[in-house]
Amino acid sequence: QVQLVESGGGLVQSGDSLRLSCAASGRTHVLAWFRQAPGKEREFVAAVNWSDNRMLYADSVAGRFLISIDRAVNTGHLLMTNLQPEDAAVYYCAAGGQLVERPLYDYWGPGTRVTVSA
């Protein structure tokens, strides 16, 4: 059982940056970020393999978002730059065994809200 807690969400302006964090109670194979905007399905954002650092990004965030992990404190981060109103959503941290874009992860955090004003 891995417990996840996200932090770092908030209100920013278009073009700003924000870093989300995900504190994990233990190690996992893959750490991922998903997001869900009102009225939309949950969508994949990024994922990283804890062991070999392989990364996967959604096309919509590639080049703007950077996923990373701090193994010393079992924490993942998502650095989001050049945020746009369409990035506004509740962001969820997830952990599981495979580096995939589908929401097939075993553990999920409660989410942190990101709001982007135009």
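**Figure 1. Salt-bridge network of R35, E43, R64 and D87.** In this predicted model, R35, E43, R64 and D87 are linked in a network of salt bridges; a salt bridge is a side-chain nitrogen of Lys or Arg within 4 Å of a carboxyl oxygen of Asp or Glu. R35 and E43 form one of these contacts, with their closest N and O atoms 2.6 Å apart. The side chain of R35 also meets that of D87 in a salt bridge, at 2.9 Å from N to O. R35 lies in strand β4 (residues 30-36) and D87 in the loop between β8 and β9 (89-96), so this pair ties together parts that are 52 residues apart in sequence. Strands (E, at least two residues) and helices (H or I, at least four) are DSSP runs, numbered from the N terminus. R35 is buried, with a relative accessible area of 5%, and D87 is buried as well, at 1%. E43 is partly exposed, at 34%. Buried means under 20% relative accessible area, exposed means over 50%, and partly exposed lies in between (1.4 Å probe, protein chains only).

Residues are numbered from 1 along each chain as its sequence is written, and side-chain values use heavy atoms, with hydrogens and water left out. Because the model is predicted, local features need pLDDT of at least 70 and side-chain atom pairs count only at pLDDT 80 or more, while totals for chains, interfaces and linings use all residues.

**Figure 2. Salt bridge between R54 and D52.** The structure holds four salt bridges. One of the salt bridges joins R54 to D52, with the closest N and O atoms 2.8 Å apart. R54 counts as partly exposed, at 46% relative accessibility. D52 counts as partly exposed too, at 42%.

**Figure 3. Strand β9 and its pairing partners.** Eight of the eight residues of β9 are buried, and the strand is mostly covered. β9 pairs with β4 in the antiparallel sense over seven bridges; two strands pair if DSSP finds at least two bridges between them. R35, in β4, has Y91 as its bridge partner in β9. Three bridges join β9 to strand β11 (residues 112-117), again in the antiparallel sense. In that pairing, V90 stands opposite R113 in β11. Strand β10 (residues 107-108) runs antiparallel to β9, and two bridges join them. Here A94 stands opposite W108 in β10. Strands of a sheet pair through backbone hydrogen bonds, either parallel or antiparallel.

**Figure 4. Open sheet of β1, β3, β8 and β7.** Four strands form an open sheet with antiparallel pairing, in the order β1-β3-β8-β7. Its edge strands are β1 (4-7) and β7 (65-70), each of which pairs on one side only. Neighbouring strands of this sheet are turned by 15° against each other on average, direction ignored. Axes are lines fitted to C-alpha atoms, for helices over the stretch in contact, and angles run from 0 to 180 degrees between N-to-C directions. β7 and β8 run antiparallel and are joined by six bridges. I69 has G76 as its bridge partner in β8.

**Figure 5. Nonpolar surface patch of M55, L66 and L79.** M55, L66 and L79 form a nonpolar patch on the surface, with about 230 Å² of accessible area together. Patches are made of residues with over 30% relative accessible area and no salt bridge; like charges are joined within 9 Å and nonpolar side chains (Val, Leu, Ile, Met, Phe, Trp, Tyr) within 5 Å. Accessible areas come from the Shrake-Rupley method with a 1.4 Å probe, and for residues only the protein chains shown count as cover. L79 is found in strand β8 (residues 75-80). L79 counts as partly exposed, at 33% relative accessibility.

**Figure 6. Surroundings of the close-ups: the protein chain.** The secondary structure of the protein chain comes to zero helices and eleven strands. Of its 118 residues, 45% count as buried. The C-alpha trace of the protein chain spans about 40 × 30 × 25 Å along its principal axes. The radius of gyration of the protein chain is 13 Å, which agrees with the value near 13 Å for a compact globule with 118 residues. This radius is taken over C-alpha atoms, and the globule rule is 2.2 Å times the number of residues to the power 0.38.
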